[in-house]
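Thanks for coming. Please look at the screen.

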Amino acid sequence: MVSEINTVGIAGAGTMGQGIAISCALAGYTTKVFDVNEQACSRALILVEKVINQLVEKGKITNSASAEALGRITITTTINQLRADLFIEAIAENLMLKQNLFKQVEELNEGKAILASNTSSLSISKIASGLTDPTRCVGLHFFNPANIMKLVEVVAGEKTAPEIIEVLKSFAKSIGKVSVLVKD
């Protein structure tokens, strides 16, 4: 069971994935963002840097904190880069896409990663249904913009292990979020 999170993998380099990546990197986590679209990756790199630089301009973080956060973020089109303690998907709201992605990431991480979905409309239990170990699958729903909004919903599926919920509540706190447990 993962009790310590050091590396966060994020699928989806759009607005939500970018915001989640910013929050994770600023909190000190090695952050890997994956997207199948090369243009989305290029755009995400520019926008993430812009947001972090704006934090420096507003006096919210130092230049060195900015450089450190940016140094923690990797953006790639290679799914094999998603080896992580915690995986968060922020892709299109399509059950089959999410299920396929989760199967790939579960296998890539040899069943050791926590698999979290940012979905707000699909069942975590259904997303987890095709996994070898559905106890490691959970919802972690950020609100937009993810790097600013403080609330995060932690969603337990039918088979989500209670320890996973506790780890995610601690993780949310570590990135400056307030978590609330909600039903699937």
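This is a predicted model: local features need pLDDT of at least 70, side-chain atom pairs count only at pLDDT 80 or more; totals for chains, interfaces and linings use all residues.

Leu 181 touches Val 154 and Ile 165, leaving out residues up to four places away in sequence. Touching, or contact, means heavy atoms within 4.5 Å. Leu 181 sits in strand β8, residues 178-183.

Residues are numbered from 1 along each chain as its sequence is written, and side-chain values use heavy atoms, with hydrogens and water left out.

Is Leu 181 buried or exposed? Leu 181 is exposed, because its relative accessible area is 51% and the cut-offs are under 20% for buried, over 50% for exposed and partly exposed in between, with a 1.4 Å probe and protein chains only.

Ile 20 is in helix α1, and its relative accessibility is 0%, so Ile 20 counts as buried. Beyond its neighbours within four places in sequence, Ile 20 has contacts with Ile 10, Ile 88, Ala 90, Asn 118, Phe 142 and Ala 146. Ile 20 and Asn 147 are 127 residues apart along the chain, and their C-alpha atoms are separated by 6.0 Å.

Ala 11 is in strand β1, residues 7-11. Ala 11 also has 0% relative accessibility and therefore counts as buried. What does Ala 11 touch, not counting residues up to four places away in sequence? The partners of Ala 11 are Phe 34, Phe 87, Ile 88, Glu 89, Ala 90, Ile 91 and Leu 101. Ala 11 and Phe 102 are 91 residues apart in sequence, and 10.0 Å apart from C-alpha to C-alpha.

Next, the whole chain. The protein chain has six helices and eight strands, and from the N terminus on they run β-α-β-α-α-β-β-α-β-α-β-β-α-β. Its C-alpha trace spans about 45 × 30 × 25 Å along the principal axes. The radius of gyration, taken over C-alpha atoms, is compared with a globule rule of 2.2 Å times the number of residues to the power 0.38. For 184 residues a compact globule would come near 16 Å, and the protein chain has 15 Å, which agrees.

Buried residues make up 46% of the 184. Of the contacts between residues at least 6 apart in sequence, 68% join residues at least 24 apart. The accessible surface is about 9000 Å², and 51% of that belongs to carbon and sulfur atoms; the areas come from the Shrake-Rupley method with a 1.4 Å probe, and for residues only the protein chains shown count as cover.

Two backbone details. Most residues other than glycine have a negative phi, and most peptide bonds are trans. Glu 110 has a positive phi, near 50 degrees. Glu 110 is in the loop between α4 and β5, residues 114-117, and is exposed, with a relative accessible area of 60%. Asn 144 and Pro 145 are joined by a cis peptide bond, with omega about -5 degrees. Pro 145 lies in the loop between β6 (137-142) and β7 (151-156).

Last, the pockets. On a 1 Å grid over the protein atoms alone, a pocket is an open set of points where a 1.4 Å probe fits, with protein on both sides within 12 Å along at least five of seven lines; lining residues have an atom within 4 Å of a point. A volume is the space filled by probe spheres set on the points, which are joined across faces, edges and corners.

The largest pocket has a volume of about 490 Å³. Its lining has 23 residues, and Ile 22, Val 51, Leu 55, Asn 147 and Ile 148 lie nearest its centre. The elements giving two or more residues to this lining are α1 (15-26) and α2 (38-57). Helix α1 gives the most, six residues.

The second largest pocket has a volume of about 190 Å³.

Definitions and conventions. Helices (H or I, at least four residues) and strands (E, at least two) are DSSP runs, numbered from the N terminus.
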